[in-house]
Amino acid sequence: MRVCIVTASIGAGHDLPAERLAEALGRRGVQAQVLDGLRAAGPLAERLILGGSSFETVAGNRAYDAAYWLLQEFPPTRGLGGWMMGEFGRRGLLGAVGRSRPDVVVSTYPGATEALARARRSGRLPVPLASVITDLAALGLWAAPGVDLHLVTHPESIPEVRARAGAGTRVHAVRGFNPAGFANPPSRAAARARLGLPGGAPVVLASGGGWGIGDVLGAVEAARAVDGCHVLVLCGSSPGLRERVDARFADDALVRPLGFTDQMPVLMAAADVLIHSTAGLTVLEAAICGCHAISYGWGRGHLRANNRAYERFGLAHVAADRPALDAALARCLAERRPRDDAWLDLPEAADVLLGELAPAG
């Protein structure tokens, strides 16, 4: 059996789930190829998407907001936007997928999911298609008619998937897109010992996601306003953010900037609170480790819908500004959050994928 997993190198929220799924399929004897859907779509598509994803400026953030509103919120352009995403770069994407000769195609990037779902409905994609959904809400591109199987990381997402893809669509809540260490994270004491952190002091993770976006410096300042608080700053792949953190907090021994890291289970287990700007799997990982999560510092586009869902389901706190962040941080530090062990009861994504879509024989 061959599986082609289509991702996009936009931050880490699509690449890492693709890699974890490929590894899990490999352990089950399945040949899995990971394909960059943006690159396959062609240089113009790659340049348009990546070039329009600069969040370092006010203009870049407003452009993202406008694009999201036109594609997802404004009915006259929502259908046109979906058609454009389905057609633009389709030939290159389908050509690259076809060359891998897959029995099943899996998409972890919603832009590719939209294009592949349209191809599946029209018969241009002749093999089953699965969509991996790592956001909680705002699933207009993640879930679509034509997708044979939706794999969600939050059971709370299932009603929206059915509303968008059809009441009869196949959808399962699964695990298996997070690093393996989240299946058995260390205790708080053990994690802090590994990181050289004191056992009794408050510890906060401040994160801007893979791209290091949002008001991360404001999150650090809010955490450092708490007496004795140690702050681990996850700068992702953004050298600019790392430089700003180094410049602002060079003389503060309790602020530790970190680049892209594979130690997230240890960091989450050590922390009392995560202040995070971009939602996705990181908020789920915080719950798994018993770490409070506060969504703060960006709130653009799809994050608005995700923030509303976080509050509705009680999965994370949401702070719209610094006073709200200060208040949320005080509440979180006052009460320890228990670990969410229910995640371990979910089936593995690779097993569900093979059980639902593996070809007969």
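Helix 10 (residues 216-224) packs against helix 15 (residues 322-334) at an angle of about 45 degrees. Their axes lie 10 Å apart. Helix 10 is therefore oblique to helix 15. The model is predicted. A second topic is strand 3 (residues 104-107), which is covered on both faces.

**Helix 10 and helix 15**

- Two packed helices are described by the angle between their axes and the distance between the axes.
- The crossing of helix 10 past helix 15 is right-handed.
- Helix 10 contributes Gly-218, Ala-219, Glu-221, Ala-222 and Ala-223 to the contact.
- On the helix 15 side, these residues meet Arg-322, Leu-325, Asp-326 and Leu-329.

**Strand 3: burial**

- In a regular strand the side chains alternate between the two faces of the sheet.
- Val-104 and Val-106 sit on one side of strand 3 and are buried.

**Strand 3: pairing**

- Strand 1 (residues 2-7) runs parallel to strand 3, and four bridges join the two.
- Val-104 in strand 3 has Val-3 standing opposite.
- Strand 4 (residues 129-133) also pairs with strand 3 in the parallel sense, over three bridges.
- Ser-107 has Ser-131 in strand 4 as its bridge partner.

**Crossover from strand 3 to strand 4**

- From strand 3 the chain passes through helix 7 (residues 110-122) and on to strand 4.
- This β-α-β crossover is right-handed.

Terms used. Residues numbered from 1 in each chain as written. Predicted model: local features only at pLDDT ≥ 70, side-chain atom pairs only at ≥ 80, totals over all residues. Heavy atoms only, no water. Buried < 20%, exposed > 50% of the residue type's maximum accessible area, 1.4 Å probe, protein only. Pairing = 2+ DSSP bridges. Right-handed = clockwise from strand over helix to strand, strands pointing away. Axes fitted to C-alpha atoms, helices over the stretch in contact; angles between N-to-C directions. Parallel < 35°, antiparallel > 145°, perpendicular 65-115°, else oblique. Left-handed = near helix turned anticlockwise from the far one by under 90°. Contact = heavy atoms within 4.5 Å.
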